[in-house]
Amino acid sequence: MEQLVYKRPESIKEDFKIPFCPGCDHGVAVRLVAEVLDELGLREKTIGVASVGCSVCSYDIFNVDIVEAQHGRSMAVATGIKRSKPDKIVFTYQGDGDLASIGIAETIHAMARGEKITTICINNTTYGMTGGQAGPTTLLGQVTTTTVNGRNSETSGFPLKISELLKEIDGVAYVARVSLDSPKSIMNAKKSIKRAFEAQVKGLGTGFVEILSTCPTNWKMTPQQAHERVRGEMSEVFVPGVYKDKVSEAI
Amino acid sequence: MKKEKKLLKGNYAIAQAAIEAGCQSYFAYPITPQSEIAEYMSSAMPENGRAYVAAESEVAAISMVLGAGSTGVKTMTSSSSCAVALMQEGLSFIASDEIPCVLVNVMRAGPGLGYIYASQGDYFQTTKGGGNGDYKIVTYAPSSVQECIDLTYKCFYVSQKYRTPVCLLADGMLAQMMEPAIVGEYPYEEIDQTSWALDGAKNRKPRFIASLDPDQESLRKRVVKLFEKYKKILDEENMFEKYEIEGAKLVVTAFGSIARIVKAAVKKARKNGLNVGLFRPIMLNPFPEKIVAEIAQKVDGILDIELNCGQMLQDIKSSLAGVKNIPVEFFGRPAGKMMTVDEIYEQIEHTYKKIVEKKYGTACI
């Protein structure tokens, strides 16, 4: 008897070639988003927004309509789409540099307006695409190409805790921080991503998921070491959990 | 009601025309002297079942326009000078993406914050682009409240027909003055956008809109295609006004608000026996170089008048490559006091004596 073990989600392109570095969590993250779009039956009415960074490859991956935003502007671009076509499902897929540094104003104000969009943020504590510079989420002491002696708060400030910041905004319906370091956390991440899309489907407000993600290339670690780091020092500063959930209340 | 001639302020005329044109979403951040457009749209858009969003910045406003335009709807933002400067990155993306949209720039005097006086200091910003890369923003410049309406229609039509950002370049004088005008029906055919617009990949392959183009040849072709499009737009959608050009010895060039004052001065010059005409380009970008060159063949000289330090002047001059011995004089004022008809007349008379009559020997007496 044949048993289906693995199937490409409909929301992932058939000719999809992984553009990411070996061991990078982006691959798992995009699959989870695609599975959720499939399971909620949203693929054919979804418009995605690709941001600048490693996530720019979104249009080579997701089997949905996609528009590329300028660096940091994804949530404003998503606002323009959603307000013009309120019956569509709109999501952004952004890195932490794009969302929390250059795009923090667009992020906060889209959420303050309660835009009915879903936002997935990959937090890997560095600028991956440009070769591993310090970003808004770089941990204290973390060595990057622009903090060669480790991030020092005196000169480079502190890592921004995105989920804690955004949960305070009234227009946000769902905020969770998840990781992808074990099968259990992957299952958990998928639940949160689903909730973030349900927030939009039910018209409750913005749905947001911050995914603690690995960047083995720029961290100069093996994938295993990178996941250890997520479980260890990253999760100590960026504590995983559901920070806000108006969706479960509504169901 | 709408077809009656009414006393209308320029800003409201633009806003009403946008509604009449079928603008589906409007995004803006306030800035004088055009905030009345946003004020009007904040009520009129929802009343018509359309979207108004108070953007958190002009950077966000143009990004919202990018997103809205990618779905194929008619979409618009309006702003002014130093704030349009903030939109330049987005405009570069929109041009490369071939997304239709309308930008209204009600110019104020710069540089920097400058002030809200009528000025034409953003001719360069609009026609030469502040954004990166090879692209153009198609630009129309009204010189009356009626033209604010008619050209807003034109901007929507051209943007949708050629899938390109189009700018209505007005100024504080046009935006704030009132004169009789008719907000007529949108006169253009609707252009179907369904072959490319994003609306969810139902029963078709997904589409993507992006400016990123890592393939050298593909990127080259993309830019070449844009410039072929601009050439077509100039051929098919050019607009200008020629006044008393036939047989003129001196042609005055001017655009936008100042052109109507120039026209009054040209009329006075004609009355006083000076053989003067006016050429007013309405489409500023792409610039009608051929027409300027043709006019220049038949005259002794050109006097360019602008509310700046000589910006369109550069395009007038570059149009004249190959036209022999044509003197080009300039009279400009960057900000503040609007030129009067008499002041302009004096300049015309002075230039006429210098260029035309000297040539025929009558000025030596």
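Analyst: Start at B:Ser81, which lies in helix α4 of chain B, residues 81-84. Keep in mind that this is a predicted model.

User: What is the phi of B:Ser81 near?
Analyst: Phi of B:Ser81 is near 30°. That is a positive value in a residue other than glycine.

User: Is B:Ser81 buried or exposed, and why?
Analyst: B:Ser81 counts as buried, because 27 C-beta neighbours lie inside 10 Å. The cut-off for buried is 20 or more.

User: Which other residue has a positive phi although it is not a glycine?
Analyst: B:Glu244 is one, with a phi of about 55°. B:Glu244 sits in the loop between β10 (240-243) and β11 (250-253) of chain B. B:Glu244 counts as partly exposed, because it has 18 C-beta neighbours inside 10 Å.

User: How do β6 and β7 of chain B pair?
Analyst: β6 (residues 138-140) and β7 (residues 165-171) of chain B pair in the parallel sense, over three bridges. B:Thr139 has B:Cys167 in β7(B) as its bridge partner.

User: Let's zoom out. How is chain B split into domains?
Analyst: The domain assignment gives domain 1 (5-196 + 211-237) and domain 2 (241-364). Their C-alpha centres lie 28 Å apart.

User: How many residues does the contact between them take?
Analyst: It takes 29 residues from domain 1 of chain B and 23 residues from domain 2 of chain B. On the domain 1 side, the elements giving two or more residues are α6 (123-127), β6, β7, α8 (172-176) and α9 (216-237) of chain B. By class, that side has 17 nonpolar, nine polar and three charged residues.

User: What about the largest nonpolar core?
Analyst: The largest nonpolar core has 183 residues. Helix α7 (residues 145-162) of chain B gives the most to this core, with nine residues. Domain 1 and domain 2 of chain B each supply at least three residues to this core.

User: Which residues have the most contacts inside it?
Analyst: B:Val252, B:Val262 and B:Ile348. Leaving aside neighbours within four places in sequence, B:Val252 touches several residues, including B:Val262, B:Val276, B:Leu303 and B:Ile348.

User: Now chain A. How do β1 and β2 of chain A run?
Analyst: They run parallel, and four bridges join β1 (residues 46-50) to β2(A). A:Ala50 stands opposite A:Glu68 in β2(A).

User: Which way do the residues of β2(A) point?
Analyst: A:Asp65 and A:Val67 point one way, and A:Ile66 and A:Glu68 the other way. All are buried. In a regular strand the side chains alternate between the two faces of the sheet.

User: Which strand of chain B pairs with β2(A)?
Analyst: That is β9 (residues 208-209) of chain B, in the parallel sense over two bridges. A:Ile66 has B:Phe208 as its bridge partner in β9(B).

User: And how many residues does the contact take from each chain?
Analyst: The contact takes 29 residues from chain A and 34 residues from chain B. On the side of chain A that touches chain B, the largest share comes from α3(A), with eight residues. The residues of that side divide into 13 nonpolar, seven polar and nine charged.

How values were computed
Residues are numbered from 1 along each chain as its sequence is written. Chains are lettered from A and ligands numbered from 1 in the order in which they are written. This is a predicted model: local features need pLDDT of at least 70, side-chain atom pairs count only at pLDDT 80 or more; totals for chains, interfaces and linings use all residues. A nonpolar core is a set of buried Ala, Val, Leu, Ile, Met, Phe, Trp, Tyr and Cys residues joined through C-beta atoms within 7 Å. A residue is buried if 20 or more other C-beta atoms lie within 10 Å of its own, exposed if 12 or fewer, and partly exposed in between; C-beta atoms are placed from the backbone. Domain bounds come from an automatic or database domain assignment. Two residues are in contact if their C-beta atoms, placed from the backbone, lie within 7 Å. Two strands pair if DSSP finds at least two bridges between them. Ala, Val, Leu, Ile, Met, Phe, Trp, Tyr, Cys and Pro count as nonpolar, Asp, Glu, Lys and Arg as charged, and the others, Gly among them, as polar.
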